[in-house]
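This briefing is written to be read beside the sequence and the model. Please keep both in view.

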Amino acid sequence: MPEIIRNGRVEPDDWDESALLTLAQWKLRRLQPIEAGERVGVRLEPADDPAEIASDLDRLQLVAINFPKFADGRGYSSAVLLRTRHGYRGELRAIGDVGRDQLFYLKRSGFDAFALAPHRDPHAAAASLGDFSLRYQGSVDDPLPLFRKRLATAPVR
Amino acid sequence: MYRYDALDRQIVSERVEQFRDQTRRYLAGELTDDEFRPLRLQNGLYVQRHAPMLRVAIPYGLLSARQLRKLAHIARTYDRGYGHFSTRQNLQYNWPKLEHVPEILAELATVEMHAIQTSGNCVRNITTDHFAGVAPDEVVDPRALAEILRQWSTFHPEFAYLPRKFKIALNGAKSDRAATFLHDIGLHFVTDAAGEIVIRVIVGGGMGRTPIIGHVIRESLPWQHMLTYVEAILRVYNRHGRRDNIYKARIKILVKALGVEEFTRQVEAEWEATRDSPSVIPQEEYDRVAAHFAPPGYEPPGDEDHALAFQLGADRAFSRWFERNVHDHRRPGYRAVTLSLKKPGVPPGDASAEQMDIVASLAERYSFGELRVSHEQNLILADVRERDLFELWHRARAAGLATPNVGLLTNIVCCPGGDFCSLANAKSIPIAEAIQRRFDDLDYLHDIGELDLNISGCMNSCGHHHVGHIGILGVDKNGAEWYQVSIGGAQGIDSDPALGQVIGPSFAAAEMPDVVEELIATYIDQRTAEERFIDTVRRLGIAPFKQRVYGKEVAVA
């Protein structure tokens, strides 16, 4: 079974990525009820607007965002919008051309699961999640900019 | 200037370790060229014609003497004893070895410097007025907000893989010395009727292949929302900017495609949804950062006026330098001084390690230990007492740093060009040098008066040729190097910015000094008493210049 990084740990992947529905497939599927025990996951491409699944998020067990090329950064904004604007709390997975040097930014943008390309070692990659212990700006993982923390810890004058 | 606290230091040293490991993995074959490329670029490391090129960030152009000494040390230890100051107020080393770069970054970190995001498709080094804090026409000192924006953009997780590079410039003075209308985002700080700082937001300007003057998309944004609004702009751009063609990927193309009105509507809608986030800047944070830019310990003005007047009257060379390279200051008794990196025979913007050490000493002795890099590729001592000017001039002249040509034709702004850069179509440094040699008569040069001459070796426009009063662009024609000439551009310091107009077919390198001479001769013949070159071009258009240049026998491609 392939492995993924989920919540910082390497685990066996319990999803078959090929079973994920494209946005177009989901738009057809969404009209039918979901059976008890059935798990539905949707895969978004870089150009897909996350607003299109905003009202369905409580019915989805997984949203995957595909990175056909790691240098195409649209998926970062899609993730931020899903987590903040649309309030998605389920598993948000980065798939496609995802490598260890993207993980820190992906995690900050709201991803909690990462399916690396098969030739990449997820155990070595998971270490990169801790590349930085501090962040200047707020994002999904921690909305407070560093300046809010500086003020909170500043000595009272 | 801004000094790191323990948190800033930790972030930069963690970056050094991250890049050390990335370089190790690349050299061990664990990362492919394609995988390593964006990682090295986001640390300022290009692979160039001869060797890697490392671009070190000089945030908003501000340096301490100690930092400059470190840059000199790095030039000596890891490079060939010099560095090149760029039009984005950064410093470039042309000859470092890849395996040394992690060590260079570690050295930089010891003086609170780095090469973060000096390249790559991310938010680049933020630039501003090189006279920030001392300019008489300044309304708001832009440096505190520049630093706050620098911190916000550093390792921003959502905007590290934008469609293309992203450049932001800030201005807080009446004159725009930061070319804010020619950046992806330009921010003007002004004050409203209540005396509060508000921001005029300009988007979608730029040079390059498709030069465009930016558009004001918001007249008056409360400063507290600088970060939330920039975030909204970047999110719209990150999602919708073109990624299929790198020549159409800058935000200016998106603004043009959507129309300014629709682009603005999308930004405003995004901002409405996010404006009340914790990224709103608190007054306390502004005050904390602004305290780093408090005025230095100025002395009250003395009676040095007489001495200065005497020196100016007695020494023609000094008065010439004073006229061009010394600038007004908001404090009586003080002046800002440009140390010229435009000595004929030296590539514009280049400084040797020895010169850097000398400038560091001059900054310590005469200007509170700080200096600035200007986007015209010179160094500025911003706080010099008038009584020290004569002595400073002597020392600067001995070090080859007192060429009295600021604002004149030979103060050429020039990219590294085909001698160094692998993107270039043509060489630019030899063209600059040939023109400087042709105009080596100082009296004639001063008679010609104010003139910006800019040279870029390719359409990427690092030499800002679009806004040169005379702009020269290197082009490739069937493998040969040719030069296209435009006139009438203006960076917009004391008027609206303007893009130059091409005068006609391009020229061979050897013809360029003649072409410039004909342009100048046309101006001299046609000018009225008060007119600068640019004014004459504006009044007459390009026709008489074109006629004179092409009427002569010149090689035309």
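Predicted model: local features only at pLDDT ≥ 70, side-chain atom pairs only at ≥ 80, totals over all residues.

Residues are numbered from 1 along each chain as its sequence is written, and chains are lettered from A and ligands numbered from 1 in the order in which they are written. Helices (H or I, at least four residues) and strands (E, at least two) are DSSP runs numbered from the N terminus.

**Helix H2 of chain A**

- Helix H2 (residues 74-85) of chain A has 12 residues and should span 16 Å at 1.5 Å a residue, which agrees with the 16 Å between its end C-alpha atoms; the expected span is 1.5 Å times one less than the number of residues.
- Because 10 of its 12 residues are buried, H2(A) is largely enclosed by the rest of the structure. Buried means that 20 or more other C-beta atoms lie within 10 Å of the residue's own, with C-beta atoms placed from the backbone.
- The buried residues of H2(A) include A:Arg74, A:Tyr76, A:Leu82 and A:Arg83.
- Their cover includes strands S4 (41-44), S5 (62-67) and S6 (91-96) and helix H3 (100-108) of chain A, together with helix H6 (226-240) of chain B.
- Just after H2(A), A:Gly87 has a positive phi of about 65°.

**Sheet in chain B**

- Five strands of chain B form an open sheet of mixed pairing, in the order S6-S7-S8-S9-S10; two strands pair if DSSP finds at least two bridges between them.
- Strands S6 (127-128) and S10 (215-222) of chain B are at the edges with a single partner strand each, so one side of each has no neighbour in the sheet.
- Strand S9 (residues 197-203) of chain B runs antiparallel to S10(B), joined by 5 bridges, and B:Val201 stands opposite B:Arg218 in S10(B).

**Contact between the chains**

- Chain B gives 30 residues to the contact and chain A gives 29 residues, where contact means C-beta atoms, placed from the backbone, within 7 Å.
- On the side of chain B that touches chain A, H1(B) gives the most, with 6 residues.

**Nonpolar core**

- The largest nonpolar core has 191 residues, and among those touching the most other members are A:Phe114, B:Met226 and B:Ile233. Such a core is a set of buried Ala, Val, Leu, Ile, Met, Phe, Trp, Tyr and Cys residues joined through C-beta atoms within 7 Å.
- H6(B) gives the most to this core, with 9 residues.

Key
Contact = placed C-beta atoms within 7 Å.
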